[in-house]
Amino acid sequence: MSDTEQTPVITFADLGLSDAVLKAVNEAGYEKPSPIQEQSIAPLLEGRDLLGQAQTGTGKTAAFSLPLLSRINLKAKKPQMLVLAPTRELAIQVAESIQSYARYMKGLHVLPIYGGQSMGIQLRQLQRNPQVVVGTPGRILDHLRRGTLKLDELQSLVLDEADEMLRMGFIDDVETILKETPENRQVALFSATMPGPIHRVATRYLKDPVEIRIKTKTSTIDTITQRYWQVTGMHKLEALTRILEVEEFDAMIIFVRTKNATAELAEKLEARGYSSSPLNGDMNQAAREKAVARMKKGQLDILVATDVAARGLDIERISHVVNYDIPYDTESYVHRIGRTGRAGRKGTAILFVSPREKRMLFAIEKATRQPIEKMQLPSTEDIADRRVMQFTQQLSETIEAQDLAFFQEVISNYQDSHDADPLEIAAALTYLVQKSRPLKPVVHVRERPARAERGDRNDRGERGSRRDRDNSNRSERAPRRSNQSAPHRSEDGMQTYRVEVGRTHGVEVKNIVGAIANEAGIDSKDIGRINLQDSFSTIDLPEGMPKDLFQQLRKVWVCNKQLDISLVNNNEAAGEDSGDQARRKPRRSGKPRSRSRDTSRRPSRNK
Ligand code: AMP
């Protein structure tokens, strides 16, 4: 029994949300509020300001959206809630989440506003009088200055990922916006870290805020081998399928966030030939017990579960825990992986971490005081090897145990009448047998080691501990200009791209960083070296950029030029002149960039 099992479960219905919002949340399949939701919803409903230290993945979007939406007056056709987010990608994502939580609020309009999108479209959408606006600070400020966005009836303002906004050079814009909002508006500030400038904004603009910090508990787990895979370039389901093919497991529990996801994933795994079942709070006790009993007896190999449903689960056979969706907090992680390594056995835990969830990975390592080892996904060759091995094993077993007289006769007749080579016959038969599950699987996804699998982790060793890095002076990693001459080699795990905008077009490093970060949703810390030339520039980006992203980036405008990005071959930058070279080491820390540097104003408007 775990601690959590004895604490009563708080439900969304206990928190005082509006009926419409509650209905949407129930439909989303959320079983219970995440810790940050438990703590934020009530004070935000009361109209209090809030200072929340929480990472992405903790459920913070719902933590502020649900209560703030519950307070909206649908009759008033003016912006009442404004969310500022650092990137276009996040703005869209937050707007979509809000839209889904507001699906039963008839007449509610949510509008995402971000740089790079046509002003004309945004102006038309603004005329529809959205009550909720989600945007990047630069573009929001543009509209405020043009008078096309009015905040005089604003009730609440959310600063989401404030430290990222600081890092991207938006903090002045954020302050300007804050000053243009009514004195009595409610402010909720969320940030994964609390660097000085964010703290100052909080002190200056938040009134008696409720402070929330999702605490991490320490514990150690020694019988469990922990690994993580950084979600890149491939869907999680594809990655999971590869792992299932190659990993030797007895029974497995896979954790997802929602009840709906338990059913969906279990179904997909069944379709791929794995005996799987969901395990969630919607299933009645008898159904849950039945699934657990089947797993104990070996009739079922995979359970796809939510945290609540899997509490206290004790099945010796579970050799593997897969965190398909990262947990909200370190405590749930510890609890989840404790489902394996039971009764003195060894267990394996695998965690899927998207780039945005990296901080949670670090938090988990810190809390468990154990490094989580990066893992490489099995390649198609690994899968082929494994399938061939299984096939030859089956072959031996069949030759040994099966009466083959009739089949020998069939083949012998064939051989005689066709004068065929026995090896060729065997090969043709093998081909027929493997058709539905090819011994050499076709690659339909790009294969490449995830960036983290090559760089991040090693960096740690080479550059000292994360803490050291976090505390190191940011400006050391600032893009600094030097007269190193091109060509250069791409950094490890990076590829060099050429963009058709250079110094003669008036471009600066910050414009390129801003455009790529915003348009491609690439975290600015993952952007490497930028080398400005006269007529073009080169930039190092993480290897294996997806095709659609590449196409999208080609069309992005910076300084009145389309980037028309292209990959530079041979790892050699196409240096025609010895350009200014801004060396940008990919940043790993969440530390703010100093104002005097390249982010002294918001990233390029991409006009
Ligand atoms: P966020 O931290 O806001 O980026 O949310 C991370 C993910 O958690 C999103 O996919 C949400 O849909 C999901 N989520 C948020 N709250 C809950 C909850 N109470 N139960 C299950 N999933 C949730």
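View 1. Val-410 is partly exposed, with a relative accessible area of 41%, where buried means under 20% relative accessible area, exposed means over 50%, and partly exposed lies in between, using a 1.4 Å probe and protein chains only. In this predicted model, local features need pLDDT of at least 70 and side-chain atom pairs count only at pLDDT 80 or more, while totals for chains, interfaces and linings use all residues. Residues are numbered from 1 along each chain as its sequence is written, and side-chain values use heavy atoms, with hydrogens and water left out. Val-410 is found in helix H17 (residues 405-418); helices (H or I, at least four residues) and strands (E, at least two) are DSSP runs, numbered from the N terminus. Together with Phe-406 and Phe-407, Val-410 makes a nonpolar surface patch of about 320 Å². Patches are made of residues with over 30% relative accessible area and no salt bridge, with like charges joined within 9 Å and nonpolar side chains (Val, Leu, Ile, Met, Phe, Trp, Tyr) within 5 Å; accessible areas come from the Shrake-Rupley method with a 1.4 Å probe, and for residues only the protein chains shown count as cover.

**View 2. The salt bridge of Asp-160 and Lys-60**. The side chains of these two residues meet at 2.9 Å, N to O, in a salt bridge, that is, a side-chain nitrogen of Lys or Arg within 4 Å of a carboxyl oxygen of Asp or Glu. Asp-160 lies in the loop between strand S5 (156-159) and helix H8 (162-167) and Lys-60 lies in helix H4 (residues 60-70), so the pair ties together parts that are 100 residues apart in sequence. Asp-160 is buried at 0% relative accessible area, and Lys-60 is buried at 4%.

**View 3. The salt bridge of Glu-247 and Arg-227**. Their side chains meet at 2.5 Å, N to O. This pair links distant parts of the chain, with Glu-247 in the loop between helix H11 (236-246) and strand S9 (251-255) and Arg-227 in strand S8 (residues 224-230), 20 residues apart. Glu-247 is buried, with a relative accessible area of 17%, and Arg-227 counts as buried at 16%.

**View 4. The salt bridge of Asp-540 and Arg-529**. Here the side chains meet at 3.7 Å, N to O. Asp-540 sits in strand S18 (residues 537-542) and Arg-529 in the loop between helix H21 (509-520) and strand S17 (530-532), eleven residues apart. Asp-540 counts as buried at 0% relative accessibility, and Arg-529 is buried at 9%.
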